Amino acid sequence: IGYHFHNYLVILMNAIVIYKIARFYLPGFYSLLSSLFFLFSIPAFVNIGALSWRHYIWGSLFTLLSFYLYKRFEQTNIRKFLISSIMCYLIAILFKSAFAPLPLAFFFLPKLRPSKRIKIFGIYMCIFLFYLIWRVYILGGFGGYFFIPSPTVSESIFTILFKIPYIISKTIWKIPFFIYFISIGLYFIKPRLGICIFLMSLLSISPFIFTTVDNSYGFAPRFILLSAIISIAISFLIYYISRKIKNDLKNYVVSFMCALILVLQVMDLPKAFSELNIQGKFVKNTCQRLSNQKFKIVYDRYVWIYNYFYLVKNQFFKKELNLVGIGTLTRNNLALDLYLYQKYICSLSEEDNIFIPSQGKVLKYRDLRKMLGTLEQKQKLKKPDIRLNIKSHILKATIVDKRTDGVFKAYFFSRLGEKNIIFYGVPINKKSFSCPIRKGEQILFLFISPGKKFSVPLVFRG
């Protein structure tokens, strides 16, 4: 409960800052509407209940604070507001790099003369470059998932302009391309404002071209900043429309538009809560079973393995597990994943239990011995040709293997805390990638043919 209450307070602080930003442009009532639309949106509601998205709500808060303080600097020319804005920007990107495009928005605010805006933009860019250098040092590159192929220019343009606006608009506001309709509506009333909202919306979604976007409610929390921008934009639109209507009709029109927006935003909340409630119960029940210490191995999607270990230790039961977490992206490689673990990492005993939460199954290791024996007897393909270069704590891998009719995979072995082990495999969809590696960790590189034959692994030990 304390975790959810914490999230609620941060969401409420986001709403307060949204109100303060809107007050630069709108009367109090319409500014309040901005906060109301934001609070009654799927990203806000889902973030209250989400256990793994806290960095997004804090990042959004400091992004909005940075924008607010910049506007205060515009008004007063007091330097402390600019310094505070820059510091908030740094904190925002430390929470999540997705908030990095913020300074570009300041070019859309024409109050300061261009030369001064360029100087201020340079300061923000210095902060961003400092962060980028630190990120490259820690991760060995700009980051991102090497199992997601880098998009081409045309794919990036399509994702930013069409795919994400379509999916997110439909998920949050029930109308495909809703964010475009708001921008277009404002453009016909205030062209510069319409363009500004359009560009800010694109800036807020641009970092997500490097990930997979789906229409699940669990994905919506990532777009909390977009929700804040559109909430303010809707209030702008209602305000300008109300000014063009006669006084005797104004209250009816404003009430109707507010009710329509709120209905669009909340009509799917029961469905979203149901989806998240089912997922939450599943996670908690899984953690309950794991905390009983009756299993040696838990097999699930690798991101969930991390969540299980963290939640059992820090949230639900305050217990340190003693488990092997074998993770995957697709959950259908149990035999191969288990074979690689017991062959190259650590042997298992006949009585070891394997828990598969997604299927509700518990298997004995001995029940799989025949299947694993078949894999042992299979003729192996030749070891993948991958050039490895270690520098400090960064391993750079470059695939020089000429085989193109299969898939390369990387299996990572590391320890979580003193007792827990995690071993997970993901496909490699980039010719070259870098990743940090610590002493005692291992990476197995594997090639799998279309006929499910696999190679002798190339093993790297940190």
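Of the 462 residues of the chain, 49% count as buried, where buried denotes under 20% relative accessible area, exposed over 50%, and partly exposed the range in between (1.4 Å probe, protein chains only). The model is predicted: local features require pLDDT of at least 70 and side-chain atom pairs are counted only at pLDDT 80 or more, whereas totals for chains, interfaces and linings use all residues. Residues are numbered from 1 along each chain as its sequence is written, and side-chain values use heavy atoms, with hydrogens and water left out.

The chain contains 16 helices and 11 strands; helices (H or I, at least four residues) and strands (E, at least two) are DSSP runs numbered from the N terminus. The C-alpha trace spans about 85 × 45 × 40 Å along its principal axes. Among contacts in the chain with a separation of 6 or more, 68% involve residues 24 or more positions apart, a contact being defined by heavy atoms within 4.5 Å.

Helix packing was examined with axes taken as lines fitted to C-alpha atoms, for helices over the stretch in contact, and with angles running from 0 to 180 degrees between N-to-C directions. Helix 2 (residues 28-39) packs with helix 12 (residues 247-266) at an angle of about 15 degrees, and the two axes are 11 Å apart. Helix 2 and helix 12 are therefore roughly parallel to each other; angles under 35 degrees count as roughly parallel, over 145 as roughly antiparallel, 65 to 115 as roughly perpendicular and the rest as oblique. Helix 2 contributes Phe29, Tyr30, Leu33, Leu36 and Phe37 to the contact, and helix 12 contributes Val254, Cys258, Ile261, Leu262 and Gln265. By class, nine residues of the contact between helix 2 and helix 12 are nonpolar, one is polar and none is charged; Ala, Val, Leu, Ile, Met, Phe, Trp, Tyr, Cys and Pro count as nonpolar, Asp, Glu, Lys and Arg as charged, and the others, Gly among them, as polar.

Helix 2 also packs with helix 11 (residues 224-243), at an angle of about 140 degrees and with the axes 8 Å apart. The crossing of helix 2 and helix 11 is likewise right-handed. On the helix 2 side the contact is made by Tyr30, Leu33, Ser34, Phe37 and Phe38, and on the helix 11 side the residues include Ile224, Ala228, Ile232, Ile238 and Tyr239. The contact of helix 2 with helix 11 comprises 10 nonpolar, five polar and no charged residues.

Helix 9 (residues 178-189) and helix 10 (residues 191-205) pack at an angle of about 160 degrees, with their axes 5 Å apart, and are therefore roughly antiparallel to each other. Ile179, Tyr180, Ser183, Leu186, Tyr187 and Ile189 of helix 9 meet residues of helix 10 that include Pro191, Leu193, Ile197 and Phe198. The contact of helix 9 with helix 10 has 11 nonpolar, three polar and no charged residues.

The structure holds 29 aromatic pairs; rings of Phe, Tyr and Trp (its six-membered ring) pair if their centres lie within 6.5 Å, and planes under 30 degrees apart count as stacked, over 60 as edge-to-face and the rest as tilted. Phe24 and Tyr68 form a tilted pair, 5.5 Å centre to centre with 35 degrees between the planes. This pair links distant parts of the chain, with Phe24 in the loop between helix 1 (2-22) and helix 2 and Tyr68, 44 residues away, in helix 4 (residues 54-76). Tyr68 is buried, with a relative accessible area of 17%. Tyr411 and Phe423 form a stacked pair, 5.4 Å centre to centre with 20 degrees between the planes. Tyr411 lies in strand 7 (residues 407-416) and Phe423 in strand 8 (residues 420-428), 12 residues apart; both Tyr411 and Phe423 are buried. One aromatic cluster is formed by Tyr25, Phe29, Tyr30, Phe236, Tyr239 and Tyr240.

Tyr344, in helix 15 (residues 334-344), is partly exposed at 23% relative accessibility. Tyr344 and Leu444 are 100 residues apart in sequence, yet their C-alpha atoms are 8.6 Å apart in space. Beyond its neighbours within four places in sequence, Tyr344 is in contact with Gln442, Leu444, Pro457, Val459 and Arg461. Lys294, in the loop between helix 13 (269-291) and strand 1 (297-301), is exposed at 58% relative accessibility.

How values were computed
A crossing is left-handed if the near helix is turned anticlockwise from the far one by less than a right angle, and right-handed if clockwise.
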